[in-house]
Amino acid sequence: MTSQEAAQATYTHSADAIPARILVADDEPGIRAFIGRALDAAGYVTDFAATGSEALRRALGSHYDLIILDLVMPELTGQVVLERLLAARPDQAVLVLSCLGDVASKVECLEHGAQDYLTKPFSLAELLARVRVRVRLRGIAENAHDRAAEIVRAGSLTLDVGRLVADIGDGAVPLTRLEFLLLRELAEHVGQSVPKGQLLASVWGYDFDPGSNVVDVCVRRLRSKLGFGLIKTVRGEGYQLVGH
């Protein structure tokens with residue numbers, strides 16, 4: 001970590017803030033130590049796991065604001081850890097950090113619920129930037145109860161921010177955090193086409209390979225829950241919430 005990167009990476013928590021807890025699951029001791037020092041310098045509380053089974057045990061036994069997960073792990077692969085973890089805790093924030101850089105691996109992890117994917121070798125400054133985004137979004141979701149009275153309306157759609165539910169007139173439908181954030185972004189631009197790149201940036205918090213279909217998968221889930229007439233596909237552009 002260079003002095004320039006350290007300066008860019010430094011994150012100052014306010015005096016009354018509780019430091020975010022992060023689990024680093026990687027079988028390479030050097031990687032764990034490298035990331036751990038940087039996270040510690042940035043003000044986070046960090047735990048470590050060297051195997052997939054240890055990562056799953058720690059993740060299910062404690063609260064973590066973010067889990068940084070390698071895919072190539074002994075005992076249980078990162079893919080298995082991700083699948084089992086998110087089956088038990090669908091809203092757990094996971095950033096995959098792997099030497100597997102093919103699009104298929106990235107898409108598979110994102111479709112299973114990972115919020116981010118970064119390939120090795122990686123820039124420490126970029127990793128810390130993505131960590132900050134994930135922790136910030138996590139904090140927004142967990143503080144939703146403070147905005148329990150906030151209601152967003154767009155046409156026939158009503159979004160309850162505090163409860164993370166949507167209603168199009170047939171009763172409240174619970175959504176995952178990502179589904180809710182995507183639908184809210186569309187609701188804020190009702191009647192307009194919202195590019196997939198904008199949805200990626202606002203919901204997932206970063207620019208991802210435009211070949212990824214993570215947005216399409218999330219839209220399909222929303223349609224299956226709320227009806228296929230709510231979200232319109234605008235070919236070559238993006239998606240549009242139908243206002244009626």
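Let's start with Phe34, which counts as partly exposed because its relative accessibility is 27%. (Buried means under 20% relative accessible area, exposed means over 50%, and partly exposed is in between, using a 1.4 Å probe and protein chains only.) This is a predicted model, so local features need pLDDT of at least 70 and side-chain atom pairs count only at pLDDT 80 or more, while totals for chains, interfaces and linings use all residues. Residues are numbered from 1 along each chain as its sequence is written, and side-chain values use heavy atoms, leaving out hydrogens and water.

Search the whole structure and you get one aromatic pair. Phe34 and Phe122 form it, with 6.3 Å from centre to centre and 50 degrees between the planes, which makes it tilted. (Rings of Phe, Tyr and Trp, the last by its six-membered ring, pair if their centres lie within 6.5 Å; planes under 30 degrees apart are stacked, over 60 edge-to-face, and the rest tilted.) The two partners are 88 residues apart: Phe34 is in helix α2 (residues 29–41), and Phe122 is in the loop between β5 (116–119) and α6 (124–142).

Most residues other than glycine have a negative phi, and most peptide bonds are trans. Now look at the bond joining Lys120 and Pro121: it is cis, with omega at about -5 degrees. Pro121 sits in the loop between β5 and α6.

Glu75 isn't a glycine, yet its phi is positive, at about 75 degrees. You'll find Glu75 in the loop between β3 (66–69) and α4 (78–88), and its 61% relative accessibility is why it counts as exposed.

## Ser98, tucked away

Ser98 belongs to strand β4 (residues 94–98). With a relative accessible area of 0%, Ser98 is buried. Its side chain reaches the backbone nitrogen of Leu100 at 3.0 Å. Leaving aside residues up to four places away in sequence, Ser98 touches Asp70, Leu71, Tyr117, Leu118, Thr119 and Lys120. (A contact means heavy atoms within 4.5 Å.)

## A four-stranded sheet

Strands of a sheet pair through backbone hydrogen bonds, either parallel or antiparallel. Here, four strands make an open sheet in the order β6-β7-β8-β9, with antiparallel pairing. (Two strands pair if DSSP finds at least two bridges between them.) At the edges are β6 (151–154) and β9 (173–174), each pairing on one side only. Three bridges link β7 (residues 157–160) with β8 (residues 165–167), and Leu159 stands opposite Ala166 in β8. Helix α7 (residues 177–187) packs on this sheet and touches β6, β7 and β8.

Between β8 and β9 there's a loop that holds Gly169, which is exposed with a relative accessible area of 63%. Gly169 and Leu157 are twelve residues apart in sequence, and their C-alpha atoms are 7.5 Å apart in space.

## The whole chain

Zooming out, the protein chain has nine helices and twelve strands. It contains 244 residues, and 47% of them count as buried. Take the contacts between residues at least 6 apart in sequence: 58% of these join residues at least 24 apart.

Key. Helices (H or I, at least four residues) and strands (E, at least two) are DSSP runs, numbered from the N terminus. Axes are lines fitted to C-alpha atoms, for helices over the stretch in contact, and angles run from 0 to 180 degrees between N-to-C directions. A polar contact is a pair of N or O atoms within 3.5 Å; within protein, one must be able to donate a hydrogen and the other to accept it, and residues adjacent in sequence count only if both atoms are side-chain atoms.
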